[in-house]
Amino acid sequence: MDLPATTRPSQPTRPCWREIDTQAFRQNYRFLRALAGKDIECLAIVKADAYGHGLGLCAPAGVEAGAQWLGVTSVEEGAAASAACPSARILVMGGAFPGQGAELAANRLTPVVWDPLQIDELAALPGLPPASLAVHLEIDTGMSRQGVSLDDLPSLLARFTASGPLRLEAVMTHLYASDEANGATTPAQLARLERALSVIQATLPAAAPRPEFLSAGASAALLGGEFREIGALANRFKLRPLLRLGLALYGVAPRFDPPFGSGLEAKILSNSLENLRPVLAWKTRVTSLRSIPAGAEVGYNGTFVATEPMRLALLPVGYADGLDRRLGNRFSLLVRGQRAPLAGRISMDQAVLDVTEIPDVAPGDEVVILGTQGGETITAYDYADATETIPWEIFTRIASRVPRVAVGL
Ligand SMILES: *Cc1c(COP(=O)(O)O)cnc(C)c1O
């Protein structure tokens, strides 16, 4: 595969980079697809530059692994995905913004719609044959973010005329608490979705094409087992279920709260934890080393003071690379297969490791921020816990100046 120049630096560069294992991505897709079963379509979410993993690497890998659908946030991301994967269907989950209809249609993107203004703009696009522009209609089943309410649904449906250019291809909703094991939210959402489907069945103009897909459920709905209820609901309305998978494709299983005790859900999850492989590793190298005496201060404001003679390794990675400033004095990175604590504040472009306890650390030694070295691993959840956030944010916060190197081609 041809890679964009930025993914394979031919010149020596500042040593702070992401390794993207496209083979792991393909394997994860195939594993999740098999878990869902052949009757369920699995859309590969590659929004936000493939969760920071690189759209240009992951979208083609997903298509190679069998994904027919890709999910992005915007028309801009959709145009990039369509250039990388001309054969894929591309869902623009954030919808088209005013004035973007022509670009959307020119790139054959499929928008999520929920607002009459969006539908009116798309329906007014010139030159589109009847039913030629597929749209996915999002229902607000409780998240109060995107989607049409049940009350507003009938008047929105009246806009899908048989002669108009829009075709209602899928009914969609977003489950917002699939990570609450055995929680009450998803059943309530699916009950509202069922009501919406009945309304659609009853009020869609008779001559208008029928929807084909029921699009609901993200990684947690698959790994937590809710995909079976989604499948059953889809069956009752003769629709094909379409899951929209993000995080798990990148090799990280969402965490469930409370954790599953035993039973089928626990088995699915532990099987997934064994099979999913992280796609991204974030690495750097030791720039130089210094010895400091007891009492020496380290970094801005001297928040770290040496309690004994210490050995420090300087790293070319800082918060401008996405290394969270809150990790200073409270997280460790891997060098020589061991955990070395971050000493002092993280600077914009640099950080300092305490390597006093690790013999023979030398300039050029590889340091792992996320990933495995020797027998030790730093997971996205380790990092997320230390900064009180979630793996999704960890991945998408790695800065664009951190180049990607494709491995596992
Ligand atoms: C990001 C996103 C997903 C994927 O979620 P994961 O938890 O990463 O699997 C699914 N649906 C919508 C609408 C999304 O925005």
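1. Which side chains meet in a salt bridge at 3.4 Å, N to O? In this predicted model, they are those of Glu366 and Lys283. The pair links distant parts of the chain: Glu366 belongs to strand E18 (residues 366-373) and Lys283 to strand E10 (residues 280-285), 83 residues apart.

2. Lys283 counts as buried because its relative accessibility is 11%, under the 20% limit. Glu366 is partly exposed, with a relative accessible area of 25%.

3. A salt bridge also joins the side chains of Glu194 and Arg236, at 3.2 Å from N to O. Here distant parts of the chain are linked through helices: Glu194 is in helix H8 (residues 185-203) and Arg236 in helix H10 (residues 227-236), 42 residues apart. Glu194 has a relative accessible area of 27%, so it is partly exposed.

4. Glu388 and Arg330 form a salt bridge through their side chains, with an N to O distance of 3.7 Å. Glu388 sits in the loop between helix H12 (380-386) and helix H13 (391-396), and Arg330 in the loop between strand E14 (310-315) and strand E15 (332-335), so the pair ties together parts 58 residues apart in sequence. Glu388 is exposed, at 69% relative accessible area, whereas Arg330 is partly exposed, at 46%.

5. Salt bridges also link Arg14, Asp321, Asp349 and Arg401 in a network.

6. For the whole structure, the search finds 21 salt bridges. Among the pairs discussed above are Glu366 with Lys283 and Glu194 with Arg236.

Methods
Residues numbered from 1 in each chain as written. Predicted model: local features only at pLDDT ≥ 70, side-chain atom pairs only at ≥ 80, totals over all residues. Heavy atoms only, no water. Salt bridge = Lys/Arg side-chain N within 4 Å of Asp/Glu carboxyl O. Helix = DSSP H or I, 4+ residues; strand = E, 2+ residues; numbered from the N terminus. Buried < 20%, exposed > 50% of the residue type's maximum accessible area, 1.4 Å probe, protein only.
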